[in-house]
Amino acid sequence: MTRRVQATAAGGAATVEDVKTPTPIRLDALELRLVRMDLIEPFETSFGRVSSRRVLLVRLEAEGAFGWGEVVAGDEPLYSYETVETAWHALRDHFAPALLGGRVASLAELAARLARFRGHPMARAGIETAYADLAARLRGESLSHVLGGVRTEVPVGVSLGIQATVDALLLRVERHLELGYRRIKLKIKPGWDVDPVAAVRRRHPGILLSVDANAAYTLEDGAHLLKLDEFDLLMIEQPLQHDDLLDHAALQKKLKTPLCLDESITGLRRAEQALAAGACRIVNMKTGRVGGYSQALAIHDLCRARGVPLWCGGMLESGIGRAHNIALASLVGFTLPGDISASRRYYDRDLIVPEVELRPNGAIAVPEAPGIGFDVDMDYLGAQTERAERVTPHA
Ligand code: NPG
């Protein structure tokens, strides 16, 4: 594989693996689909509760071939400013016209064509993920292989939402440990933090345990957050504001427990700045948050070079986004279990066949078939689709 220097919209340059089609390929059409997915049970974080969501899927067509991507934005601008509707707009009205009808030979070229646009990382990642699947299918290789993955299975953890009672939480922790999940992550917020964490730790002294606040605190809560140091946590994820680095650095100085940043790391430059400032010791990777594989691979290489543990986050993806996460987590720098659960953790029926399953050892197999390595269940996809549009160069 070639190494090349690449610069993308969010800025910054790094030496990363590039993803290439065998020959330059003409991008013919982009199909957008909004698909309804009902969760088995509501999922609650510090920013809200979701029981059903619409997933925006992207199908990129090029010279008879295709690739699937997923936009991880939600219905409301809660986790970030993007929504499925803003992503639909950015993709249909700006990104597709900039790409369709033209030829691209690599992910770097694709990213460069979109570099003049600012923001909309989840929409951008929708296209980049679709292109990477397409490139892998054309090469007859697994997506994992094309991205430079090395693992045949990826160890995974589970993220447990805020519950009505500590007992309900303990029950869920128990159930997921029995299923084999190797790390438990608890969602916390003011009023639901030290007590539930203490109860879980008391019951399970030896497990890998972490917490995620989704930006629910400020530095003024520092003294309260220091109480979490007692529980031997693997990490505290994004306790402070979604766009902050400096307050996290100040907090990290006082905390024994490593901080991990999610929301605050929006691209390679922010990752470099976060590490330089000492704002975190662990990085959560989400392709959608950073604008796609071009940035994700660059951040992976950065963390690896600096010896910073990295893991793959999750956004309640359908099987398509889940498959992309599995492939990404197979890279060598992903040294901690990811938020990549089995399909059944969230959905009765997934959009892919076979569904993603958890092995009893708490790992998920990395598929070897070309592209994302799963088939899309077109019947179920059709039944769940609320809106679809095919964008072509002269539409
Ligand atoms: O397993 O897909 C999963 C969900 C993991 O907790 C999880 N995701 O903040 O990382 C997060 C959180 C999230 C879910 C964020 C939905 C945004 C939307």
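Domain bounds here come from an automatic or database domain assignment. The model is predicted.

**Stop 1: the two domains.** Colour the protein chain by domain. Domain 1 covers 3-140 + 377-391, and domain 2 covers 146-375. Taken over C-alpha atoms, the centres of domain 1 and domain 2 are 22 Å apart.

**Stop 2: where the domains meet.** Select the residues in contact across the two domains. On the domain 1 side there are 49 residues. They are in contact with 53 residues of domain 2.

**Stop 3: the ligand and its pocket.** Now select the ligand. The space it takes is the second largest pocket. Show the residues around the ligand: there are 16. Domain 1 and domain 2 each supply at least three residues to this shell. Sort the shell by class and you get seven charged, six nonpolar and three polar residues.

Stop 4: Three of them are worth a distance label.

- Ser159: a polar side-chain atom sits 2.6 Å from a ligand oxygen atom.
- Asn214: an N or O atom of the side chain is 2.7 Å from an oxygen atom of the ligand.
- Leu316: here the backbone takes part, with an N or O atom 2.8 Å from a ligand oxygen atom.

**Stop 5: the ligand surface.** How much of the ligand does the protein bury? Taken alone, the ligand exposes 430 Å², and the protein buries 95% of that.

Terms used. Residues numbered from 1 in each chain as written. Predicted model: local features only at pLDDT ≥ 70, side-chain atom pairs only at ≥ 80, totals over all residues. Heavy atoms only, no water. Near = heavy atom within 4 Å. Polar contact = N/O pair within 3.5 Å; in protein donor to acceptor, adjacent residues only side chain to side chain. Areas by Shrake-Rupley, 256 points an atom, 1.4 Å probe, with all protein chains shown as cover. 1 Å grid on protein atoms, 1.4 Å probe; cavity = no way out; pocket = protein on both sides within 12 Å on 5 of 7 lines; lining within 4 Å. Sits in = over half its atoms within 2 Å of the grid points. Nonpolar A, V, L, I, M, F, W, Y, C, P; charged D, E, K, R; others polar. Contact = heavy atoms within 4.5 Å.
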